[in-house]
Amino acid sequence: MNTTIFFSKLFLDACRDTYKVYNYFGLRKNNNFFVFIKIFMIKFFYAFGKLRNLIKPNFDIVDKNKENSKSLIFNEEINLINQVKQLDYYGYSNTHFLKDEVVNDILKESLEFDNFDVKKLKTDLDKKDLAIYENESLDVYIKRLNSLGISRLTKTINLNNNNLTLNRIIFSDEIINIAKSYLNTNKISINATFFISNSIETSEKEKYKNAQYFHWDNDFTKFFKLYIYLNDVDLDNGPHIFVPGTHKSKKKENRLCRLFSDENINQNYKETKTFLGKKGTFFFVDSYGIHKGLAPKKNYRLMLNIHFGRGKILYSSNDRFVEFN
Ligand SMILES: [Fe+2]
């Protein structure tokens, strides 16, 4: 693609995506008008990996006392600097586990509220029928969603509710030290979204909406995500897939923020990393790299996707912006 065509496409994509995101998330409400310009700058200028790569991790920010601390939340000791180094080098960290009692708490919290995002669903569904009923088992609930023809359900978790166990995890010394260090800032926006993905035959259009095609995200000047599996995830029920190293550089034909076929990705890159794991598995991913969620072939997947972004952009009224010490 010649340079003029590339720049024109990038400019038009940035205009279209900024407009879409601004309206879809009602960004004016939770931010100010300048957020429009901020998002456009990100979609246009930060589409260039070279510019983004200038924001390097800062290992000095990591609290030396917390570097190897045994946690109340995590099952094993985590070396924080190693997590940031892995995230920086490969675009993802090793997988780890949360303690069982914490996992059940956050699963309960995630299922409890009925503030599902219905914009992407058929409009005739009542929000109340999307939430789990009192005394309804998880299996019965998922079967009910299946019968309603829902392939994916999402909702943001209200992080302004300080009593949440999820908040204890997100705002734990470990996670915040990793976030500050990787993003090289103490000003961080946080969003937590819960996903239920079902094994329903989906149309190509639905797969597109469900982020089940390879793509990359560009929501902040720098950001990363913490994924937590809330049920066992194997090859059949929709694991997360990431193309190592693509958070730093992408092949020419993947430099526009669009969707890519499996063939394209398999041709252009040597390997992909697939994240499997038992309930309670978590890992960090820099989703500026190319990734997708595989559509579940059997069963279902429950997952929390928590983003940490550099600077202030609130994508929902449930998000938090915090200036840490
Ligand atoms: Fe994504």
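**Entry 1: domains**

I began with the separation of the two domains: the centres of domain 1 and domain 2, taken over C-alpha atoms, lie 23 Å apart. The model is a predicted one. I noted the bounds next: domain 1 covers 1-45 and domain 2 covers 58-323.

I then looked up the contacts between them. On the domain 1 side I found 12 residues, in contact with 11 residues of domain 2. Which helices supply the touching side of domain 1 with at least two residues each? I wrote down helix 1 (3-24) and helix 3 (35-45). Sorted by class, that side of domain 1 holds 5 nonpolar, 5 charged and 2 polar residues.

**Entry 2: strand 7**

I moved on to strand 7, residues 281-285. How many of its residues are buried? I recorded 5 of 5, so I took the cut-off into account: a buried residue has 20 or more other C-beta atoms within 10 Å of its own.

I also checked which way the residues of strand 7 point. Thr281, Phe283 and Val285 point one way, while Phe282 and Phe284 point the other way. Residues on both sides are buried.

**Entry 3: partners of strand 7**

I looked for the strands that pair with strand 7. Strand 1 (residues 96-97) pairs with strand 7 in the antiparallel sense, over 2 bridges. Here I noted Phe97, whose bridge partner in strand 7 is Thr281. Thr281 is also one of the buried residues from the previous entry.

Strand 4 (residues 223-229) pairs with strand 7 as well, again in the antiparallel sense, and over 4 bridges. In this pairing I found Tyr227 opposite Phe283 of strand 7. Phe283 points the way that Thr281 and Val285 do.

**Entry 4: the sheet 6-5-8**

Last, I looked up an open sheet of 3 strands, with the order 6-5-8 and antiparallel pairing. Which strands are at the edges? I noted strand 6 (273-275) and strand 8 (291-293), each of which pairs on one side only. On average, neighbouring strands of this sheet are turned by 15° against each other, direction ignored.

For the pairing of strand 5 (residues 240-242) with strand 6, I recorded 3 bridges in the antiparallel sense. Within strand 6, the residue opposite Phe242 is Lys273.

Notes:
Residues numbered from 1 in each chain as written. Predicted model: local features only at pLDDT ≥ 70, side-chain atom pairs only at ≥ 80, totals over all residues. Buried ≥ 20, exposed ≤ 12 C-beta atoms within 10 Å, placed from the backbone. Pairing = 2+ DSSP bridges. Axes fitted to C-alpha atoms, helices over the stretch in contact; angles between N-to-C directions. Domains from an automatic or database assignment. Contact = placed C-beta atoms within 7 Å. Nonpolar A, V, L, I, M, F, W, Y, C, P; charged D, E, K, R; others polar.
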